[in-house]
Structures are given as C-alpha cells and as structure tokens.
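Please look over the sequence and the model shown here before reading the report. The sections after it move from the whole chain to particular places in it.

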Amino acid sequence: MNIEVMNGLLTPKSVAVVGASTKPGKIGHTVLMNLIDSNYAGGIFPINPKAEEILGLKCYPSVLDVPDQIDSAILTIPAKFVPDVVVQCGEKGIKGLNIITSGFSEVGKQELEHHIVELAHQYGMRILGPNIVGVLSNSDKFNGSFAPFLPLPGSGSLVSQSGALLIGIDAATYLRKVGFDKLISIGNMSDVNFSDTIEWLDQDENTTCISLYIEGFKDGRKVIEAARKAKKPIIGLKAGVSAHGAAAAASHTGSLAGAAKIYKAAFRQAGIIEAENLDNLFDRTLVLSLQPPMKGDNLLIITNGGGVGVLGTDAAEKFGVPLKYAPEDIQAELKKYMPPFGSAKNPVDLTGMADTDWYYGSVKYAIAHPWVDGLVVLYCETAMTDPQEIAQCIKRAIKDSGVKDKPVTISYVGGEKSEKAMHWLLKNGIPAYGAPDLAINAMAALNEYAKIKEAVNDLGEDIDNVDKQKALEIIKKARADGRNALTEIESKRVFEAYSLPVTRSELTTTKDEAVEVAEKFGFPIVMKIVSPDILHKSDAGGVVIDIQNVDGIRKAFNEIITNAKTYNTKANIHGVVVQEMAPWGTEVIIGSVNDRTFGPTVMFGLGGIFVEVLKDVTFRVAPFSKKQARQMISEIRGAPILAGVRGEKPCDREAIANIICKYAFMIIDLQDEISESDANPVVVYEEGNGLKVVDARIILKKK
Ligand code: ACO
C-alpha cells in the first residue's frame, strides 16, 4: 500500500469536486456544501464547465485548469463521463478518486468499472468506490460526502459497504452518544478494498479501533492478512449470511458450508471480533475504542442490586466470561463497603444502601487487585443516591487507582437521571450501557480480543510423505474421462498420496476378483458400488457391510450391481470396491470447500449419516496450525463424546488433529484442482489407536 496515495485519497490536503452543481439538492451541490460546512481547512475546487462560481468558490471547467495541487477528486458526474475525468485527474497528478457515481458493476457494468480502475492505475491513482457516499473525518474536519454532517466525534473508525447504512450510522452517533472519527463508504470496492482500509486505518493516529460493515469481502485472504497484522482491534458485522451456501453442493461439506460459519472462522483466524447486529457494532466499537484488552478471565462485578447482579452473572456465562468467586483477600476488603447482609463473593453486592463512598472504595480497590482482569460496575437507580454522583465517584476511583491497563465497563438501569449520568461517563471515555448484559457483552469483547489476537499466527506447517504427482495423475485421468467427481477409490488414492490413513480397498469387476481381494484382506469385508453417476451409494442399495465369507462376497456382488442398475439405468458402473471393514469406532467427518471468498477451507464435525441433520461442524480457512485443529475438535457440540462419556475412553483426538492438518495441507496443495471433498466417515479409535478414513469423495473444479 502506498501510504502517500492513500493519505491523498482519505485525508486529502486539497480536494476537487468534479460535477459540483449550481443546483441545491443535487449530490454535486451537497458534497461541495458539506465540505465548506465541515470547516475543512484544505483547498476546495469546484469543477463544472458551465459555472463560474459555486457557493462562493471559484469554479473551474476541468481539474487541469486548477493552478494549485489537488490531492483528491470527488466525482459526482454521470457514469459515462467518468473515464475522461479519470484521465484528466491522472494528468493533473491527483492521488485518489472518491467516485460517488453509481451505474457500474452494481448494475452489471463490470467492464466500465474495470476500465476506470485500469486508467487510474496507469497514473498511480487509487479509487474509492464507485457507488459511494464518500469519506467523513472528524479529525480532518472533512465531510467529503453527501451525508449531511460529520458524526459525533469518537476514536473508532467505520468502513461500510452500504452507503445508506453509513448515513444512518452517521446520524445515529448523536442519538447513541457513540462517536466515530472516520466513516468510509467503500461501495463497489473496484480498487480500494477492506484490506486496504484496514491497513490504512491501522496506521491512522486518530483511529483506535476499526469497525467494518460487510456484505461480502472481495479479497477474503488479503483481509485476513491485513487484520492479522493490525495492532488495533477490528470489529466485523457480516450481513447476508443466509444465501451464500445455497449453491447446489455435491459433498456433505459443500452443503454445510454456509457464509456465516466460514466468515466466523475467518474472523477468528484474522483476529476480527464479531458484532452480532448493529446495536452490538456500536456497543463493541465503543468499548474496543476506549478500553484495553481483558488479559485474563477473572471478571469481577460490583453492583448495588441483586437483580442486575444475577442478570450480569447470567450474561457473563452466556458471553464466555463466567464468574468465579473472588479470592478471600478481595472478599475481606470489600466487606468494608457493604452492610453485613451484602455479599462480597462475586458478584459483589454492595446492596441498595451503597452510596458514593462504598462505590468509590470498592471500585478503587477491586480494579487495582492483581486477581481482577476486568471490572463491570452495575448501578440501579435508587432513592438514596444520585446517578451523576455515582458516575463521578466511579471515574474518580478509576483515576485514583492509577490503573490504566485494565478494562472497566458500567451499566446503568434507571430513568432520565441515569441516562444523563451514562452520557457523562461516555463523554469521559468510560463505556456505559443501559443494561447489565450489554456491559458484560462489552467486557467479553475485550476478553475475546485478547484471546483471538494470540491465535492469529497459528499458521500451518508443511507435511512429509506427500506424493503430489500421484494425486495429479489420478485427477488427470478422471478429467480425461470427462468426470468432475472422483470415485471413492480414486478419492482414497488421492488421500493416500497425502498420508491420510484410508481403509484398504480395491476395485473389482468380477465376482472372482472380489473373492480374491476379500481373501487377501481377510473378513469381515465391505463392498460398495463404484459409479461416477451414483454419489449416494447407500440410497442406491450399493453398499453391503460385514460380509463374513466367500459366499457372502458373491451374493453381495450380484445384489449391488442389480440395485445400482435399477437405481440409475444409465449409470456408468466401474465395478464394485472390496474394502476391509474398519472396526467400530466414533465417526467424524473432515471435509473441504474451496470457498469463493476465502479459498481452501476445512470442515470438521461429528460424522456419519446424521451429519447434515445435526450440523455439528466447524470450519477453518487453511492453512492453520495443529493448535487450531485441536481447537476445532474441542469447539463442536459433540466434543464431550470425543473426550469420552459415561466411562468410555477418550477418542484419539491427537490423530484427528494430525489428519485435519494433513487435510488442510492437501487442499491447499491441490487448490487448483479440488472444489469440495469429504472424508466421511472417519472412524476414530481410542486414544493411541489412530483412525481410518472409511469413505472418501472428491469433487474437482470445473475447468
Ligand atoms: N466535469 C465537470 N462537471 C460535469 C461534467 C464534467 N465532465 N459533466 C457533467 N458535469 C456537471 C453537470 O453539468 C452538472 O452540473 P449542474 O447541475 O450545475 O448542471 C453536474 O456535473 C452533475 O451532472 P448531472 O448530469 O446533472 O448529473 P446528476 O447530478 O443528475 O447525477 C450523479 C450525477 C449524482 C453522480 C448520479 O449519476 C449518480 O450516480 N447518483 C447516485 C449516487 C449515489 O447514490 N451514490 C452512492 C450510492 S450508496 C447509497 O446507497 C446511498
């Protein structure tokens, strides 16, 4: 990223408005007016060939007629005129173009959009947009947009893919008393993408936290990279999570891989904190822009009401920071700030008798205690206390404690007086919320931030014993046959090329061959149909298990072929696979999709025939470390089953972690070839006894 160019684009020292209109109410007029009204100190140059002067500023026919240097141009002219103006801006030596104009890729005009980017790049310019509202920056007093005013000042900055939402958020900052420094509308992302804005905002001295409203990344992998490197917290609100996975999928993994789950995984791997909705985006931006991370898990709640204390306790558990009893010394000290019927355990209930002295004393002591990693102070309005005085004493207590590296959040439940006190706290840089669960959720975000930041560098390692050439030969042969789906046996051979333990199996085309192979492997045996036209073998009656003898092999061979022919009369039947029968164990699934946003992505979950019903699966964008693989195993709902329930011994989870890592390596190595894949079921045995891939499916990318 060229910082100088990005600075020119996002914090220009001088700006031209190309299409500045003489007519009030038009976008080109509004943008010019907003620049003037925001008290922007840089040069403003209206460009319009038909006007001499607009809003008291000298107007020029083209940017080339402006004698001064111009950093950025805001374009508010119809789309068809944009290419010529881009060239003029390039000739003028402008650094960046904020193209407000609509009518490009969002209406199917990809070529026009591509063309203007090419033109801009020829001159070393960057484009924000097109189809944007513009850029707003409090610290630069710059409203280069058609949003009516700068947001309430704050220290977080927001990048929004939706222009209308950005205008709404701008106005809402005043109502919610949560400010932003910059609001950046990113529009069609023809050139400047989320990754660029993350990188740029990370070095912007007026931004302490980066919030993103996302409909879809264009540059998923680059975003992960930029976010991983970022030193500031990033919060992502992903909208449109329902449609993405709907595309017809040929594998279990394909059908389970929705946008929501993959974005969730990518966020976590990138160190991006998720916001659940717009309210949550505001709440989390507020806390992450003002407070340090919660470095450990010890959360202490101080309250003056049992009810809010219980609500806080419930929320703490729900949001992943469950309360623990406070150590004896904390309890002993805090008892000094409550009546005998108070409780110092945690939540610390100062009771309704709590006055400013008790709040002051308990907050000051608690925040300074080494056991406490984060403090949530809850307050219910009472007849005995003035909310404003409580707010002031909390602020004083924090200041007098001298502690700066531990987070505090506050909740007020009450009426107008409480609301005023909350706003006062916000003005003083202390995150205050209107309900206990919101204050706890905010604290949980600080805890989550510390944790996910630790994990961002859990990248993958290379694996040994790989025969890529062999895998490619199998794939090439299938392609030569005009197939995109590998048969089970081909899929297993590819897995074997990456050292994945598969059950021994061989393709047979006659009963005698089947008998020969079965005798070689030893009984019991499994037999399955092999046909590229039959993906769901069980549904076709194409699987017979637990065959104990030669007669059984002959019988099964006939049965399978007859069933397959009845199921699909046109099916191309390769034969019947004879396979060693894996002993019983716990079934899991490992699979992959080549996600269009993030690329090769691995899925893990409890396997078998119910996988699509239970949907107990989790994802990671490859590559990732074994630590992440272990986390995948522990984060599914069925994790206790793998850990061993009701006296059962634990499964070989280390073997699962190993195979997940090999799988991740394989799908990256073969990312030009594999579109989706499943190893399902993978039968896992007791700790130390490994696992076996029993069934395999690989779907190739269409070429
Ligand atoms: N150089 C300088 N000025 C020019 C040029 C040029 N090459 N060509 C035209 N102009 C002038 C025109 O003379 C006109 O000035 P005037 O009003 O004084 O006569 C001005 O530029 C604007 O041109 P118009 O043809 O009048 O275009 P109009 O203002 O109707 O529309 C606009 C232009 C606003 C860019 C429109 O094409 C558009 O894209 N609108 C949608 C923008 C938008 O909403 N973007 C954000 C989407 S995000 C969201 O959802 C909110």
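What follows is a report on this structure, which is a predicted model.

## The chain as a whole

The chain contains 24 helices and 29 strands, and along its principal axes the C-alpha trace spans about 95 × 80 × 40 Å. Of its 703 residues, 58% count as buried, while the accessible surface of the chain comes to about 29,100 Å², with 52% of that area belonging to carbon and sulfur atoms.

Among the contacts in the chain with a separation of 6 or more, 71% are between residues 24 or more positions apart.

## Helices H7 and H9

Helix H7 (residues 220-229) packs with helix H9 (residues 259-270) at an angle of about 35 degrees, and the two axes are 8 Å apart. On the H7 side the contact involves Ile224, Ala227 and Arg228, which meet Ala266, Gln269 and Ala270 of H9. By class, the residues of this contact divide into four nonpolar, one polar and one charged.

Arg228 also takes part in a salt bridge, its side chain meeting that of Glu225 at 3.3 Å, N to O. Both residues lie in helix H7, where they are three residues apart, or about one turn of the helix.

## Lys238 and its surroundings

Lys238 is found in strand S13, which covers residues 234-238. With a relative accessible area of 13%, Lys238 is buried. When its neighbours within four places in sequence are left aside, Lys238 is in contact with Ile214, Glu215, Gly216, Tyr263 and Phe267.

## Salt bridges

Side chains of opposite charge can pair when their charged atoms come close. In this model the count comes to 34 salt bridges. One of them joins the side chains of Lys95 and Asp71 at 3.1 Å, N to O. Lys95 lies in the loop between helix H3 (82-92) and strand S6 (96-99), and Asp71 in the loop between S4 and strand S5 (72-75), so this pair ties together parts that are 24 residues apart in sequence. Lys95 is buried, with a relative accessible area of 18%, and Asp71 is buried too, with a value of 5%.

Another salt bridge is formed by the side chains of Glu635 and Arg268, at 3.3 Å, N to O. This pair links distant parts of the chain, with Glu635 in helix H22 and Arg268 in helix H9, 367 residues apart. Glu635 counts as partly exposed at 29% relative accessibility, and Arg268 counts as partly exposed at 28%. Elsewhere, Glu488, Lys492, Lys528, Lys537 and Asp695 are linked in a network of salt bridges.

## Leu55 and a nonpolar surface patch

Leu55 lies in the loop between strand S3 (53-54) and strand S4 (57-58). Together with Met33 and Ile36, Leu55 forms a nonpolar patch on the surface, and the three residues have about 210 Å² of accessible area together. Leu55 is partly exposed, with a relative accessible area of 39%, so it passes the limit of over 30% that is set for a residue of a patch.

The backbone of Leu55 also deserves a look, since its phi is near 50 degrees, a positive value in a residue other than glycine.

## Other backbone features

Asn465 likewise has a positive phi, near 55 degrees, and is a residue other than glycine. Asn465 lies in the loop between helix H16 (436-455) and helix H17 (468-480), and is exposed, with a relative accessible area of 64%.

Two cis peptide bonds can be described as well. The bond from Ala622 to Pro623 is cis, with omega near 5 degrees, and Pro623 lies in the loop between strand S26 (617-621) and helix H22 (626-635). A cis peptide bond also joins Asn680 and Pro681, where omega is about 0 degrees; Pro681 is found in strand S27, residues 674-684.

How values were computed
Residues numbered from 1 in each chain as written. Predicted model: local features only at pLDDT ≥ 70, side-chain atom pairs only at ≥ 80, totals over all residues. Heavy atoms only, no water. Patch = residues over 30% accessible without salt bridge, like charges linked within 9 Å, V, L, I, M, F, W, Y side chains within 5 Å. Areas by Shrake-Rupley, 256 points an atom, 1.4 Å probe, with all protein chains shown as cover. Salt bridge = Lys/Arg side-chain N within 4 Å of Asp/Glu carboxyl O. Helix = DSSP H or I, 4+ residues; strand = E, 2+ residues; numbered from the N terminus. Buried < 20%, exposed > 50% of the residue type's maximum accessible area, 1.4 Å probe, protein only. Axes fitted to C-alpha atoms, helices over the stretch in contact; angles between N-to-C directions. Contact = heavy atoms within 4.5 Å. Nonpolar A, V, L, I, M, F, W, Y, C, P; charged D, E, K, R; others polar.
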